[in-house]
Amino acid sequence: MLSASISFILTAGGVAFAGLRAYRRRFLSATRWFAVALLPAGLYLTGLFPLASTIGREFADWATKLVLDPRVWTGIALLGVSAVLLLTTRWVGRRGGTAVEGAAERPAAAGPAPERPAVAPTPKAPKKPAAGKRDDGLGDFADIEEILRKRGI
């Protein structure tokens, strides 16, 4: 009973962490975490979580359960889904990943960064109001209104 609690707590924690990664729009990482989170539940359901139970006579009992028990097949399905997710995310990661995760998850090993000028551009002086314009009390909004007028909005 303790091994069931431990395995499902580990699974729930991994799924929660995967949800946080997905919330932060790190879908490739979230899928990997979800795949790893399925492992403890899958191992428990197949009877492989307490590895000592597969030794000796208990191995024959486990083999009998493998054929007849739907709980074992559920565990095998979870392990299979986990393996497929891990292989898929590895394949997607090698192909370049998503645009959102590309820069964040791949460090400098992806190649040298493009060169940028070392000096920051000098700020432009603020425009002086034209002689014919009157102050309508908008202050900084006059600049925004001028930009919108130039764009035709």
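The model in the viewer is predicted.

Next select W33. The ring centres of F17 and W33 lie 4.5 Å apart with the planes at 65°, so this pair is edge-to-face. F17 belongs to helix 1 and W33 to helix 2, 16 residues apart, and the pair links distant parts of the chain. W33 is partly exposed as well, at 39% relative accessible area.

The structure holds two aromatic pairs. For the other, select F8 and Y44: their ring centres are 5.7 Å apart and their planes stand at 75°, so they too are edge-to-face. F8 is partly exposed at 39% relative accessibility, whereas Y44 is buried at 18%.

Now show residues 2-23 (helix 1) and 27-46 (helix 2). Their axes come within 8 Å and cross at roughly 170°; the two helices are therefore roughly antiparallel. Residues in the contact include L10, G14 and R21 of helix 1, and A30, A37 and P40 of helix 2. By type, the contact residues divide into 16 nonpolar, five polar and one charged.

Finally, zoom out to the whole chain. The secondary structure comes to six helices and zero strands. Of the 153 residues, 16% are buried. The chain exposes about 12100 Å², with carbon and sulfur atoms supplying 67% of that area. Among contacts between residues at least 6 apart in sequence, 66% join residues at least 24 apart.

Conventions. Residues numbered from 1 in each chain as written. Predicted model: local features only at pLDDT ≥ 70, side-chain atom pairs only at ≥ 80, totals over all residues. Heavy atoms only, no water. Axes fitted to C-alpha atoms, helices over the stretch in contact; angles between N-to-C directions. Helix = DSSP H or I, 4+ residues; strand = E, 2+ residues; numbered from the N terminus. Parallel < 35°, antiparallel > 145°, perpendicular 65-115°, else oblique. Contact = heavy atoms within 4.5 Å. Nonpolar A, V, L, I, M, F, W, Y, C, P; charged D, E, K, R; others polar. Buried < 20%, exposed > 50% of the residue type's maximum accessible area, 1.4 Å probe, protein only. Areas by Shrake-Rupley, 256 points an atom, 1.4 Å probe, with all protein chains shown as cover. Phe/Tyr/Trp six-rings, centres within 6.5 Å; stacked < 30°, edge-to-face > 60°.
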